[in-house]
Structure formats: structure tokens, C-alpha cells
Amino acid sequence: MRRSEFHRAVADEFGARANAVVTDLVLSRVGGRTAADAIAAGFDPREVWLALCEELDVPPERRYGVGRLEPRRR
């Protein structure tokens, strides 16, 4: 997962709360950091995304394959 995909997934899942979720919520799975701090510290965006999902009880069917753009049709 790229950073852009991470941010797209967070925006899609949490909407108007996305920024607060990334900057305010402390996640034990990434060493007691916020998502923003974990990514800045070098954690893989996929790992941070899954930590957010776990912490906020995002259903498994909405955790995987998110954040990617739909392929362009020709």
C-alpha cells in the first residue's frame, strides 16, 4: 500500500473524521503512535491502515484492497 492509497482508504472509510483519526488516535499496534507519526517513523502504510482498522472495528471485508483507484477503461 502506498501512502496515497493509505490516505484514500482513510478518507473513504472515515470521511470528515479522517484527519482526526490519523493525527489524534494513538495506536498500540504501532508502538503507541498516531497513524501520522507511525508513517513518519517508517512504518509500512498497510500496517498502519490495519492498526487503524483493528482499533476502530472496521469490518474485515472493508480492510483489504482499499485505497486503490479503479482501473481506467479504454
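A: Helices (H or I, at least four residues) and strands (E, at least two) are runs assigned by DSSP, and they are numbered from the N terminus. This is a predicted model, in which local features need pLDDT of at least 70 and side-chain atom pairs count only at pLDDT 80 or more, while totals for chains, interfaces and linings use all residues. Residues are numbered from 1 along each chain as its sequence is written, and side-chain values use heavy atoms, with hydrogens and water left out. By the DSSP rule the protein has four helices and two strands, which follow one another along the sequence as α-α-β-β-α-α.

Q: Where is Asp 57 placed, and what makes it count as exposed?
A: Asp 57 belongs to the segment after α4. A residue is called buried under 20% relative accessible area, exposed over 50% and partly exposed in between, tested with a 1.4 Å probe on protein chains only. Asp 57 has 64% relative accessibility, so it counts as exposed.

Q: What is said about the phi of Asp 57?
A: Most residues other than glycine have a negative phi. Asp 57 is not a glycine, yet its phi is positive, at about 55°.

Q: Why is α4 described as largely enclosed by the rest of the structure?
A: Eight of the 11 residues of α4 are buried, and therefore the helix is largely enclosed by the rest of the structure. The buried ones are Pro 45, Arg 46, Val 48, Trp 49, Leu 50, Ala 51, Leu 52 and Cys 53, and what covers them includes α1, α2, β1 and α3. For the protein as a whole, buried residues make up 34% of the 74 residues.

Q: What makes a set of residues a nonpolar core, and how many residues has the largest one?
A: A nonpolar core is a set of buried Ala, Val, Leu, Ile, Met, Phe, Trp, Tyr and Cys residues joined through side-chain atoms within 4.5 Å. The largest such core has 19 residues, and those with the most contacts inside it are Phe 6, Val 10, Phe 14, Ala 35, Val 48, Trp 49 and Leu 52. At least two residues of this core come from each of α1 (3-14), α2 (18-24), α3 (35-40) and α4 (45-55), and α4 gives the most, with six residues. In soluble globular proteins, nonpolar side chains tend to be buried together.

Q: Which residues is Val 48 in contact with, leaving aside its neighbours within four places in sequence?
A: Contact means that heavy atoms lie within 4.5 Å. With the neighbours within four places left aside, Val 48 is in contact with Phe 6, Leu 27, Val 30, Ala 35, Ala 38, Ile 39 and Phe 43.

Q: How many salt bridges does the structure hold, and what does the pair of Arg 29 and Glu 54 tie together?
A: The structure holds two salt bridges, and Arg 29 and Glu 54 form one of them, at 3.0 Å, N to O. Arg 29 lies in the loop between β1 (26-27) and β2 (33-34), and Glu 54 lies in helix α4, so the pair ties together parts that are 25 residues apart in sequence. Arg 29, at 39% relative accessibility, counts as partly exposed, as does Glu 54, whose relative accessible area is 45%.

Key. A salt bridge is a side-chain nitrogen of Lys or Arg within 4 Å of a carboxyl oxygen of Asp or Glu.
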